[in-house]
Amino acid sequence: MIQTPYYLIDQSALLKNLQVIDYVRKNSGAKLLLALKCFATWSVFDFMKPYMDGTTSSSLYEVKLGYQKFGGETHAYSVAFADHEIDEVLANSDKIIFNSISQLERFEAKAGNKPKGLRLNPGISSSSFDLADPARQFSRLGEGNPERILAIIDRLDGVMIHNNCENADFARFDDLLTQVEARYGAILHRLKWVSLGGGISFTKPGYELDKFCERLRQFAQTYGVQVYLEPGEATVRYTTTLEVSVLDTAFNGKHLAIVDSSTEAHMLDLLIYRETAPIGNETGEHRYQICGKTCLAGDIFGEGNFDVPLQVGDRLSIGDAGGYTMVKKNWFNGVNMPAIAIKEPDGSIRAVREFGYDDYVSSLS
Ligand SMILES: Cc1ncc(COP(=O)(O)O)c(C=O)c1O
Ligand SMILES: NCCCCNCC[C@H](N)C(=O)O
């Protein structure tokens, strides 16, 4: 048995999302790129490749990883490229997308004939979180002024617009896109491609998939562009668990179970977005708060119901641990990093990466 804690990627669950992704690309004509900022566990890239067109990135290291380990089309984007990175970024990408006109002007000569894009910030978005709202006040994420973009349009092949965050409502997506078309139509008509970013929860059960595909197809036809999507969370939602063991139990008005992991170190988004993870089952009579083992008072994964009282040594699964977890894990409190394991479609489980004290030491000096 693999020592806890470990992230467990269930390939059968991943396949369900990948099949939806494949459906969207076949029925919309869009190309779908994995957003590596969300999920970059390259051991499953071979499994994913047949269903996706490539990767998109937010840094030199992500673009290199995508180019070397995933292949297909590799989009390079960064909020700001550095002078010392740009040659390697260009050598490891098929397109480069700049966040600002000043970055375009700084690097376009070096980029030569490489297709170039600009991030467009339409100033409208769908996000329940100010922290993750690309159109928040004073946002640095992209250029919004249509006149400024039209002035350099001949130097662009495409634009990237990422203005959705966990948007599961097709009507809202449609409405935002319509507003983008109204304001930026003259720009869109001059481009070869448009990436509509990530943050669209189209793999969630019940999403209006056929309307979504039709809307993408219609958009592509209207402007004569190749549409791209950059799903991160939609690719890996509900595919992965964080497997943990109970180290101690207590009662302080609530039943508590302390486990051998930590939100801050292993599922950081729970803290920064003040969310809780799916835990336990719906019918169990024994309710517990599942807590991490760091010194942070609020290191709490959430609450869940269990069929029997929890005991030291029990193994628990913390749900939905695929997106923005493995890419964000850290060594806070010196808690060992979760190993990474893959559950094959035949049910067998293999560990593909384990961490230990030497990794902790080598992350510092
Ligand atoms: C430009 C861009 N593309 C794609 C994504 C992926 O978003 P999600 O994981 O919500 O699909 C993000 C998230 O930050 C992004 O900024
Ligand atoms: N579950 C809480 C919100 C998560 C936000 N996901 C990532 C945000 C995204 N990368 C973005 O910044 O647009």
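Biologist: How far from an oxygen atom of ligand 1 is the backbone N or O atom of Glu233?
Modeller: This is a predicted model, in which local features need pLDDT of at least 70, side-chain atom pairs count only at pLDDT 80 or more, and totals for chains, interfaces and linings use all residues; side-chain values use heavy atoms, with hydrogens and water left out. Residues are numbered from 1 along each chain as its sequence is written, while chains are lettered from A and ligands numbered from 1 in the order in which they are written. A polar contact is a pair of N or O atoms within 3.5 Å (within protein, one must be able to donate a hydrogen and the other to accept it, and residues adjacent in sequence count only if both atoms are side-chain atoms). For Glu233 and ligand 1, the separation is 2.9 Å.

Biologist: Where does ligand 1 sit?
Modeller: A pocket is an open set of points on a 1 Å grid over the protein atoms alone, with protein on both sides within 12 Å along at least five of seven lines. A molecule sits in one if more than half of its atoms lie within 2 Å of its grid points. By that test, ligand 1 is in the largest pocket.

Biologist: Which side chains meet a nitrogen atom of ligand 2?
Modeller: His162 contacts an oxygen atom of this ligand through a polar side-chain atom, at 2.7 Å. A nitrogen atom of ligand 2 is 2.9 Å from a side-chain N or O atom of Glu166, and a nitrogen atom is 2.7 Å from one in the side chain of Glu275.

Biologist: Which loop holds Glu166?
Modeller: Glu166 has a positive phi, near 45°, although it is not a glycine. Its loop runs between β7 (158–160) and α7 (170–188).

Biologist: How many residues apart are Lys110 and Asp87?
Modeller: A salt bridge is a side-chain nitrogen of Lys or Arg within 4 Å of a carboxyl oxygen of Asp or Glu, and the whole structure has 24 of them. Lys110 and Asp87 form one, with N to O at 3.0 Å. This pair links distant parts of the chain, helix α5 (residues 101–111) and helix α4 (residues 86–91), with a separation of 23 residues.

Biologist: Which peptide bond is cis, with omega near 0°?
Modeller: Look at the segment before β1 (6–10), where Pro5 lies. The cis bond runs from Thr4 to Pro5.

Key
1 Å grid on protein atoms, 1.4 Å probe; cavity = no way out; pocket = protein on both sides within 12 Å on 5 of 7 lines; lining within 4 Å. Helix = DSSP H or I, 4+ residues; strand = E, 2+ residues; numbered from the N terminus.
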